[in-house]
Amino acid sequence: MKAKIKKIQFLSSIIFLATVAFLLIFILTKDKKPTPAKTEEHSEKLILGFSQIGSESAWRTRNTQSIFEAAAENDIQILFDDAQQKQENQLKAIRSFIVYQVDVIAFVPIVEDGWDNVLQEAKDAGIPVILVDRQINADPSLYAGFLGEDGLEEGRRAARFLLNKCRNRKGTISIYEMSGTENSSVVRDRAKGFREVISTDPKFKIIHSEDGDFLRSRGKEIGEKLIENSREYSSNGRFKSDGLYFENQKIDAVYSHNDSMTLGLLDSIENYGVNTRNTIIISVDAEQKSIDALTAGKLNCVVECNPNLGPMLMHLVKQIAEGKTIPRITYNNETFFTEDDDFSQYEPRGY
């Protein structure tokens with residue numbers, strides 16, 4: 001009986017000592033916080049789902065590179081999708097990003113319409129969306145903000161150059177416009193801004209606008225068509241080589257919505273040996289090849305559309321991840337280049 005009592009006392013002492021030890025450990029460690037590097041929350045990277053429309057130009061390729069470079073610098077993981085110029089591919093990509101539960105979605109919308117349903121799905125999943133480069137027609141509450149170029153101002157800059165260039169010319173100035181992808185916001189804005197300025201002087205007239213889909217191949221096709229069709233109005237059955245013509249009307253100026261189409265047009269002009277020395281050609285983007293064409297006297301003005309959106313995009317992504325509200329519109333810094341510049345001051349474009 002005594003042995004049993006002693007055994008109980010011994011066990012009680014052990015339990016008491018263990019309890020005291022646990023309390024001491026708890027008191028000593030209760031104010032210590034776990035090291036962030038060791039917690040699961042801090043070891044995970046932010047994940048950005050990004051859908052690009054394609055790789056149709058040097059500008060677009062550089063735009064994608066800029067985003068990847070900035071993501072690496074900011075330790076942000078990217079799930080990337082190339083939509084290959086198809087909206088249905090972008091819709092699939094955005095839905096896959098939702099399933100994966102990325103932190104933020106960013107995409108370059110190929111056209112303005114048709115996004116409401118998928119953006120509502122993203123909102124319901126609690127995933128914020130940033131529009132990049134192009135805007136859309138949708139309820140603004142379905143996306144966090146827009147990052148890209150000011151297409152209206154790009155169009156205005158092109159028109160201001162033209163007005164100044166032709167300020168002393170009399171008679172009608174006939175303008176041929178090579179437009180970009182139909183139903184895209186950048187096309188609408190570049191066209192609207194351009195028309196807004198030239199409308200201040202009635203001598204400027206757009207005689208035709210052709211959809212070139214932002215492609216060099218289409219720009220070349222448009223050039224060939226203009227040159228070949230001039231045969232119909234030639235007295236000797238040969239194409240007219242003293243400039244570009246549309247329905248027998250000489251084109252005084254070409255306004256092209258991007259460099260790829262412009263370079264395609266220049267390909268045709270060179271292939272056919274057409275003299276466009278007196279044709280004013282204005283382009284938008286400012287790829288290195290278009291700047292080279294400007295310095296060579298083949299172009300008169302190049303309006304910059306800056307593709308380097310990566311750093312600003314990552315800044316916005318991190319702001320959203322921290323629960324902050326980003327601006328509805330964030331424009332990139334842009335300039336323009338003209339035949340009157342000091343070409344020795346130009347720096348390599350890098351794209």
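My entries below go from the whole chain to the sheet, the helices and a few residues.

**Ground rules.** I am working with a predicted model, where local features need pLDDT of at least 70, side-chain atom pairs count only at pLDDT 80 or more, and totals for chains, interfaces and linings use all residues. Residues are numbered from 1 along each chain as its sequence is written, and side-chain values use heavy atoms, with hydrogens and water left out.

**Whole chain.** I looked up the secondary structure and found eleven helices and 14 strands in the protein chain. These are DSSP runs numbered from the N terminus, with helices being H or I of at least four residues and strands being E of at least two. The chain has 351 residues, and 48% of them count as buried. Buried means under 20% relative accessible area, exposed means over 50%, and partly exposed lies in between, with a 1.4 Å probe and protein chains only. I then checked contacts (heavy atoms within 4.5 Å). Taking those between residues at least 6 apart in sequence, 73% join residues at least 24 apart.

**The sheet.** Which strands make up the open sheet, and in what order? I read six strands in the order S2-S1-S3-S4-S5-S13, with parallel pairing. S2 and strand S13 (329-331) are the edges, as each pairs on one side only. The twist from one strand to the next averages 20°. Two strands pair if DSSP finds at least two bridges between them; S5 and S13, which run parallel, are joined by three. Across that pairing, I saw Leu147 opposite Thr330 in S13.

**Helices on the sheet.** Axes here are lines fitted to C-alpha atoms, for helices over the stretch in contact, and angles run from 0 to 180 degrees between N-to-C directions. H3 lies across strand S1 (46-52) and S2, at about 155° to S2. H4 also packs on the sheet, touching S1, S2 and strand S3 (104-107), and its direction makes about 170° with that of S1.

**H4 with H5.** I followed helix H4 (residues 87-100) to helix H5 (residues 116-124): their axes come within 10 Å and cross at roughly 10°. Leu91, Ile94, Arg95 and Ile98 in H4 meet Asn117, Val118, Glu121 and Ala122 in H5. By class, I noted five nonpolar, one polar and two charged residues in this contact. Nonpolar covers Ala, Val, Leu, Ile, Met, Phe, Trp, Tyr, Cys and Pro; charged covers Asp, Glu, Lys and Arg; polar covers the others, Gly among them.

**Two aspartates.** Most residues other than glycine have a negative phi, so I looked for exceptions. Asp75 has a positive phi of about 55° and is in the loop between helix H3 (58-73) and strand S2 (76-82). Asp133 has a positive phi of about 75° and is in the loop between strand S4 (129-132) and strand S5 (145-148). Is each one buried or exposed? Asp75 is partly exposed at 46% relative accessibility, whereas Asp133 is buried at 3%.

**Ile173.** My last stop was Ile173, in strand S6 (residues 173-179). Ile173 is buried, with a relative accessible area of 0%. Not counting residues up to four places away in sequence, Ile173 touches Cys166, Lys203, Phe204, Lys205 and Asp252. Ile173 and Lys203 are 30 residues apart in sequence, yet their C-alpha atoms are 5.8 Å apart in space.
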